Amino acid sequence: MALYLGIDVGSITAKMVVIDEGDGVLAEVYLRNNGRPLETIQQGLEILSSRLGEKASIDGVATTGSARHLAAYLVGADLIKNEITAHSIAVIDLFPEAKTIFEIGGQDSKVIVLRAGVVVDFAMNTVCAAGTGSFLDQQAARLGISIEEFGRLAMQAKHPVRVAGRCTVFAETDMIHKQQIGHSVEDIVGGLCDSLVNNYLNNVCRGKELLSPIVFQGGVAANGGIRKALEKELETDLIIPKHFGLMGAIGAAKLVKRVKPVRTQFKGFELSRKSCSTRGFECSECENQCEVVELLVDREVVACWGDLCEKYRKSSGLITG
Amino acid sequence: MKVTFPHLGTMHIFCKAIAETAQIPYVVPPETSRKTLTLGALHSNESICLPFKIILGNFIEALQLGADTIVMVGSGPPCRLGLYDLVQKVILEDMGLRYRWLTIPPRLTWQAIWKNYEETKELKKELSWKNILLFPYGLRMGWKKMMACEALEKLAMKVRPREVQKGETQKRLKKALSGVDEARTLRMLDETLQRGTALLQETEQDFSRAPLKIAIVGELYTVMDPHINRGVEQKLGELGAEVTRTSWFSTHILRSLRKNKADQTSERIRFFEASKAYLGYDVGAECNLSIGEAIVRSQDGYDGVVHLMPFACMPETTASGILTRVGKDWDIPILTLILDEQEIEGRIQTLLEAFVEMLQWKRKAA
C-alpha cells in the first residue's frame, strides 16, 4: 500500500500526517516548534515511524507552511506547495460544497473563497499579525492559563468587555486597563475574542463575499471563544473539520499523492537519529550582504540558501556550473 | 562638487550617465541593502512609507561616501511622497550632513533647474564651461541609456515565463544592464544594447507554453524598484506569468515634461477615463490609474492584476478598497500586496504562488 507524508511547518507548530491511497489518515503528529523547527521535524518523524512501524515506507513527501523550504531541504521533499493551495485542496475533497475557508494559525490568518470547488479569491494578512494564534498564546501566558483553558473561559463570558483589536499592542493595554478596574477574567478574555474576530473580518476578509458553508480550520479553530465569536458575528454555524489543525499537512499529502513520484526524495525516518543543525552568517563580500544559511546533517552541508551569487552553494558542490 | 541621486530601479544607470558624460563628478549610492533600509528607517518618521525610507537611506549612504549635491525629483501634493524632498532635506540637515539639494520640479523642463533656482546659480560658479557645454550631450546619453534599460527589462519580462532554466533570464538581464552601464559613447551603447538583446533572446525557452498575463499596477516607486517590491516582477515571471507594467521612468519623465508620445498619453488617458466609473475626481498620484488600468486589463483579456502599495500610502489605500469592487464587477482577480519594512519575502512568495495557481485553475475552467 502506498503511503504519502505531508508536512506543514508553521510559525508555532509543526504538523505531519501520513495518508494512504484512500486518503485515510494513518498517523498524525501535532507539535509545538518552540522556535526549533529542525528538531521538531526530527521528533515528528520519530513519532510517525513508531506509530507506523519499522517497515512502513513512504512513496512521496510534500511540505507546506512558512518553513516549507527548510523542511523540504531537511527531509527531501518531492513537492513544495504554498499553504493557501494546500489548505484549499484538503477542504475541497472533504467538503465539496464549502464556499469559504477561514484559516487562522500562529502568525497567519487567511480567508479563501471557493466557488464550485475552485479557489476564486483569497487574502492573507501581510504586514500585521494582529489577531492570530500567537497573540492569544501570549495573553494566555500572561494570565497564567493554558491556551485550552483560554477558549473555555471565553465561552463563559457573560458580558464581554470592549477591547480595541486593531493593534495587539493596544489591545493588551486595553485588557490590562479592564483588569485593573475589576472586570472578570472571563469577560476580558471573551472581549478579546470578539475584538480579534472583528479585526479578522474587517481586515483580512474585507471586501470578500463570505457565503456559507464556511469551514474554519487552523490551530485557532480549537479555541471555542473565537469560534463562538465568529458564529455570532456572521450569524451562521461554522464547520470545524475533524483534523482542523492538520488540514495543511493533509492537503500537502494529497497533492503529492496526485503527483505520484516515481522515486521519492525522502531521506527516511532514520533522519530523526542524525544530527541536524543550521549555520547562518552574513556574507560581507559585496553590498548585498546576504544572510546565508547552511543546513548540516551529520556535519555535512546538505543544503544552502540565501546567497544571491550562489557562491556558497557552488563551493559546497550543491550546484555545478 | 559631487552629485548623487536615488538608487531606484535602473535610475542610477542613467543618472550616472548624465553626470559622467558631462564630466561632473558623481557618487552612485551603494545598491539598496538591508543597511540602506536600516539607516533610512532609523532617521525617518515611523509611519512614513517604505519608498521614503529607502530613498533617504540611499542619500545617507551616498553622503557618507563623499557626495555633496543631491538631485531629487519633487512631484508635489497630494501624495505625501511628492513633498518628501522637503522632509528629507530637513532630516539630513538635522543629522548634521552638509550638502546641496536640487529638486527637479515636476511640471517644468530640465532647463528650469539651470535657470530658476538659487542653488543652480551657485552651482554655475562651480561648473566649468566644459560641463555646461557637455550637459546636453549628457542628457542625451542618459535618456538613451534609460530607454535601453527599459527595452531590456521589457524583453526580460517576455522571456522569463518561457525560460527552461529558472533564473537564467535574470542572470542575463543583470549582465545586459551592466553592459549598458559601462558603455561610454552612443555607438558603444547601441552595440551593447544589441548584444544584450541577443543575450536575452538566446535564453533557452519553451515556446509551447502559454503564460498567464498579469499586469502590475500601483504606487510608482514600489512598482519600479525591485528592492522595494522584493522582486515581485521577477517572482511572477519565474512562476510562469508574462508581466506588464506601465510605470517606467520614461513614462513619468515624459509626463512631467508634457511631452508624452501619443500612445503613452492615450494609454494613461484610457486608464483615467476607465476609472471615472468609480471615482468622480482625481485622487492623486497613481490612484485613478491603478483602478483604471485594472479595468482596461480585464477588457484586454489579462488573467489577473497585482496591485502594489507601500503600507500607509494614501492614494493606493483608496485604490485598494475600490479594486475589490473592480475585481468583482469585471471578473478579474486582483491581488493587493502591502509592502513595509518587515522581511516578508516568504509571505510574498506564498501569496504570488497561490495567486498564480488560482489564475491557472480559472483559465482551465474557462
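The questions and answers below concern a predicted model.

User: In chain A, how many helices and strands are there, and what is the radius of gyration?
Analyst: Chain A of this predicted model has 10 helices and 13 strands. The globule rule gives 20 Å for 321 residues, and chain A comes close to that, so it is as compact as a globular protein of that length. The radius of gyration is 21 Å.

User: What box do the C-alpha atoms of chain A fill along the principal axes?
Analyst: Buried residues make up 43% of the 321 residues in chain A. Taken along the principal axes, the C-alpha atoms fill a box of roughly 65 × 50 × 35 Å.

User: Which domains does the assignment give for chain A, and how many Å separate the centres of domain 1 and domain 3?
Analyst: The domain assignment gives domain 1 (3-86 + 248-271), domain 2 (96-240) and domain 3 (276-315). Taken over C-alpha atoms, the centres of domain 1 and domain 3 of chain A are separated by 24 Å.

User: Which helices of chain A each supply at least two residues of the side of domain 1 that touches domain 3?
Analyst: In chain A, 4 residues of domain 1 are in contact with 6 residues of domain 3. By class, the domain 1 side has 3 nonpolar, 1 polar and no charged residues. The helices that each supply at least two residues to this side are α1 (37-52) and α2 (68-75) of chain A.

User: What span should helix α6 of chain A have, and how far apart are its end C-alpha atoms?
Analyst: Helix α6(A) covers residues 168-180, which is 13 residues. At 1.5 Å a residue, the helix should span 18 Å. The end C-alpha atoms agree with this, being apart by 18 Å.

User: Within what arc do the buried residues of α6(A) fall?
Analyst: The buried residues are A:T168, A:A171 and A:M175. Seen down the helix axis, they line one face of α6(A), because they fall within an arc of 45°.

User: What covers the buried residues of α6(A), and which residues are exposed on the other side?
Analyst: The cover over the buried residues includes α4 (133-142) and α7 of chain A. The other side of α6(A) has exposed residues: A:V169, A:I176 and A:Q180.

User: Which residue just after α6(A) takes a positive phi?
Analyst: The phi value there is about 105°. The residue that takes it is A:G182.

User: Is A:D23 buried or partly exposed, and what is its phi near?
Analyst: A:D23 lies in the loop between β2 (13-20) and β3 (25-32) of chain A. It has 14 C-beta neighbours inside 10 Å, so it counts as partly exposed. Its phi is positive, in a residue other than glycine, and is near 65°.

User: Is A:N34 buried or exposed, and why?
Analyst: A:N34 sits in the loop between β3 and α1 of chain A. Its phi is positive, near 50°, in a residue other than glycine. A residue with 12 or fewer C-beta neighbours is exposed. A:N34 has 11 inside 10 Å, so it counts as exposed.

User: Which residues does A:L211 touch, leaving aside those up to four places away in sequence?
Analyst: A:L211 is found in the loop between α7 (185-204) and β9 (214-217) of chain A. It is partly exposed, because 13 other C-beta atoms lie within 10 Å. A:K99 is 112 residues apart from A:L211 along the chain, yet their C-alpha atoms are separated by 5.9 Å. The residues touched are A:K99 and A:T100.

User: Which residues does the cis peptide bond with omega of about 5° join?
Analyst: A:P213 lies in the loop between α7 and β9 of chain A. The cis peptide bond joins A:S212 and A:P213.

User: Which element gives the most to the side of chain B that touches chain A?
Analyst: 23 residues of chain B are in contact with 16 residues of chain A. Elements α2 (34-42), β7 (334-339) and α17 (345-365) of chain B each supply at least two residues. By class, the chain B side has 11 nonpolar, 5 polar and 7 charged residues. The element that gives the most, with 10 residues, is α17(B).

Technical notes
Residues numbered from 1 in each chain as written. Chains lettered and ligands numbered in written order. Predicted model: local features only at pLDDT ≥ 70, side-chain atom pairs only at ≥ 80, totals over all residues. Contact = placed C-beta atoms within 7 Å. Helix = DSSP H or I, 4+ residues; strand = E, 2+ residues; numbered from the N terminus. Nonpolar A, V, L, I, M, F, W, Y, C, P; charged D, E, K, R; others polar. Buried ≥ 20, exposed ≤ 12 C-beta atoms within 10 Å, placed from the backbone. Domains from an automatic or database assignment. Expected span 1.5 Å × (residues − 1). Arc of directions from axis to C-beta. Rg over C-alpha atoms; globule rule 2.2 N^0.38 Å.
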